[in-house]
Amino acid sequence: MRTSPTKDKFLFTGRIDFTNENEPLFIYPGTMAETTFTGKKLSIYVKNEAMGAYHSVGVMLDGVQYKYALPVDPDENHKEICVDVADNLEEGEHTLTIFKRQAAAHYLWFCGIETEEGSTVALPKKDYSLNIEVYGDSVSAGEYCEQVYHEGALDDPETIGKGTDDNSWFSYPLIMGRMLNARVYDNSQGGIALLNKTGFFTGPDPEKLTGVETTYNKLSYVPYSSKGFTDWDFSSYTPDLVVMAIGQNDPNPFPEKTEDPEYIRKWKDKYKEIICDLREKYGKKLKVLMILTVLMHDPRWDSYLDEIEQELEQETGEKWAKHFTFSRCGKATPGHPRITEQYEMAYELSTEVRDWFNLK
């Protein structure tokens with residue numbers, strides 16, 4: 001029995017393109033669809049748009065996680081793929097989450113599931129305590145986090161750029177969401193910086209580098225995808241908290257600019273402009289945590305966040321944006337944080353959020 005991925009059967013999380021309601025497009029890492037079903041059989045249907053060296057879809061079935069590789073040949077783009085997940089499940093109700101493990105390595109259309117004839121598929125009951133939105137880079141997307149036993153070390157050169165060790169499920173935003181019973185939209189992309197023509201995303205040509213100033217208000221944010229740029233409807237989701245985790249990639253490709261006071265002033269002004277715009281869209285109750293992660297970086301960028309916090313409080317008369325610093329901020333690892341280090345950040349961040357929102 002095939003079930004289309006409609007909103008009466010699946011709970012969706014993330015910035016999703018519902019242009020075709022029977023084939024919602026998953027764009028950002030951690031985008032997911034959750035449901036419950038009965039029966040012994042499960043297959044899922046997806047379509048893929050390859051934009052990187054490796055792509056996979058994540059499946060969480062009854063609390064056990066699975067990874068299924070997808071075609072990398074562009075000639076296979078947009079062709080429906082059937083992934084057989086299980087054919088000998090126990091009787092009773094099962095929980096299912098289908099999620100996007102990676103960021104711009106690919107776009108993923110979710111086309112439905114196949115269960116036994118006569119089985120039931122039902123919307124799961126969820127009552128979240130908080131809505132959170134995250135803007136970050138590769139760390140926030142969970143890239144390379146599955147390189148276990150590489151804690152505190154550089155990334156394995158054998159897998160750099162391949163994406164086989166990326167897993168948004170173990171990114172600190174999604175871990176934090178599970179710790180807080182929060183719904184998390186993870187709008188993160190590896191290599192991205194705040195300003196256009198900086199960072200690494202859509203490089204290497206400096207003139208083509210795309211920053212958060214362009215992507216933060218986008219649904220489809222990858223310019224070389226088949227969708228190009230499309231606008232996000234901010235009324236679709238209203239977070240209580242925005243986590244802004246930007247600043248790691250910003251010295252590239254001209255690190256000398258980071259010593260230019262006029263350039264830093266421009267950077268801070270654009271940072272403030274974006275989060276103030278988000279506050280205008282989401283309402284004055286919005287709180288913002290500005291962070292940098294445990295990945296090694298120049299501590300000057302942490303001081304810039306301190307300055308932004310002070311400036312916003314002076315300009316607005318309210319303390320709605322705070323700079324939160326991890327205990328090992330910028331000191332833990334020269335490579336991407338692994339699962340253990342992602343949990344470390346999630347725990348510290350969730351503790352701060354609980355305190356700020358007076359959550360039990």
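User: Is Arg-300 buried, partly exposed or exposed?

Analyst: Relative accessible area decides that: a residue is buried under 20% and exposed over 50%, with partly exposed in between. In this predicted model, Arg-300 comes out at 30%, so it is partly exposed. Asp-298, at 29%, is partly exposed too. These two residues form a salt bridge, with their closest N and O atoms 2.8 Å apart.

User: How many salt bridges are there by this rule?

Analyst: The rule asks for a side-chain nitrogen of Lys or Arg within 4 Å of a carboxyl oxygen of Asp or Glu. The count is 26.

User: Which parts does the pair Lys-268 and Glu-311 tie together?

Analyst: For this kind of reading, place each partner in its element. Lys-268 sits in helix α4 (residues 261–282) and Glu-311 in helix α5 (residues 300–316), so their bridge ties together parts 43 residues apart in sequence. The closest N and O atoms of this pair are 3.4 Å apart. Lys-268 is buried at 7% relative accessibility, and Glu-311 is buried at 16%.

User: And what separates Lys-270 from Glu-273 in helix α4?

Analyst: About one helical turn, because they are 3 residues apart in that helix. Their salt bridge has its closest N and O atoms at 3.1 Å. Lys-270 is buried, at 19%, while Glu-273 is partly exposed, at 47%.

User: Where is Arg-338 placed?

Analyst: Arg-338 lies in the loop between β17 (321–323) and α6 (339–357). Its relative accessible area is 0%, so Arg-338 is buried. A polar atom of its side chain lies 3.3 Å from the backbone oxygen of Leu-154.

Definitions and conventions. Residues are numbered from 1 along each chain as its sequence is written. This is a predicted model: local features need pLDDT of at least 70, side-chain atom pairs count only at pLDDT 80 or more; totals for chains, interfaces and linings use all residues. Side-chain values use heavy atoms; hydrogens and water are left out. Helices (H or I, at least four residues) and strands (E, at least two) are DSSP runs, numbered from the N terminus. Buried means under 20% relative accessible area, exposed over 50%, partly exposed in between (1.4 Å probe, protein chains only). A polar contact is a pair of N or O atoms within 3.5 Å; within protein, one must be able to donate a hydrogen and the other to accept it, and residues adjacent in sequence count only if both atoms are side-chain atoms.
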